[in-house]
Amino acid sequence: MQSIKRKISGCDIKNVLVPLPCLGFDPSEAAIPWKILSQAGIKLTFITPDGNQSAPDPRMLNGTDLGIFRSILAARQDAVDACIEMQRSEEFKQPQSYEQVNADNFDALLLPGGHDKTVKDYLESPILQQLVVVFFNQDKPVAAVCHGVLVAARSIDPVTQKSVIYDYKTTALLKSQEMAGYNLTRLWLGDYYLTYPETTVEEEVIPI
């Protein structure tokens, strides 16, 4: 873990910026990285659309309404424990707003995911997308998990008029994975697993 602190892509990493939605972040995708980075002595700064404390997707955290698929769809116990611990941390309880931060003050950017429709204030924020462009232009490490890739994909560099990930290869949530969650639960959860029922993460990211 100390190697994480000292060098990532040739850069010293001391302070990582973590944007979250007001409600609905995936507890595994935010809390596990937080725990690993925190244990490595790296400072994390959370930001939300309104500067108020974010909240995880309660269904992912508690397994509510997932029925017999709870064990494979809900967050694992280690992620639940990490999320509870993260929520008690001072940095999580005192976030800043998207508008308040300057990319110059951070060494890296982490974009967690989340699929409930409440995360759209995160996925669609023009302010956050502009911030992502700055991180890319400054050649700072950017990590994105699951739906977090959409934030980067939608961040358009005003100079090139292209997405900041246009020339990159990236991992992303597969259409088969997204549709599997939907098909397993659609009888009682409807389109809960489809953030955008008209498309999937893979279908949006691949053409970029």
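Which residues are buried in α8? The legends below take this up after a note on the model.

The model is predicted, and local features need pLDDT of at least 70, while side-chain atom pairs count only at pLDDT 80 or more and totals for chains, interfaces and linings use all residues. Residues are numbered from 1 along each chain as its sequence is written, and side-chain values use heavy atoms, with hydrogens and water left out.

**View 1. Helix α8 and its buried residues.** The buried residues in α8 are L128, Q129, L131, V132, V133, F135 and F136; buried means under 20% relative accessible area, exposed over 50%, and partly exposed in between (1.4 Å probe, protein chains only). Helices (H or I, at least four residues) and strands (E, at least two) are DSSP runs, numbered from the N terminus. Helix α8 covers residues 126-137, 12 residues in total, and reaches 17 Å from its first C-alpha to its last, close to the 16 Å expected at 1.5 Å a residue. That expected span is 1.5 Å times one less than the number of residues.

**View 2. Aromatic pair F46 and F92.** The structure holds five aromatic pairs. Rings of Phe, Tyr and Trp (its six-membered ring) pair if their centres lie within 6.5 Å; planes under 30 degrees apart count as stacked, over 60 as edge-to-face and the rest as tilted. F46 and F92 pair edge-to-face, at 5.2 Å centre to centre with 75° between the planes. Because F46 lies in strand β3 (residues 43-48) and F92 in helix α6 (residues 90-93), the pair ties together parts that are 46 residues apart in sequence. F46 is buried at a relative accessible area of 2%, and F92 is buried at 1%. F25, F46 and F92 form one aromatic cluster.

**View 3. Y192, Y193 and R59.** Y192 and Y193 form an edge-to-face pair, 4.9 Å centre to centre and 80° between the planes. Both tyrosines, Y192 and Y193, are buried. Over the ring of Y192 sits the charged end of R59, 4.5 Å from the ring centre; this requires NZ of Lys or CZ of Arg within 6 Å of the ring centre and within 35 degrees of the ring normal.

**View 4. Strand β6 and its partners.** In strand β6 (residues 108-111), A108 and L110 on one side and L109 and L111 on the other are all buried. Two bridges join β6 to strand β1 (residues 15-19), and the two run parallel; two strands pair if DSSP finds at least two bridges between them. L17 stands opposite L109. Three bridges join β6 to strand β7 (residues 142-144), also parallel, with A144 as the bridge partner of L111.
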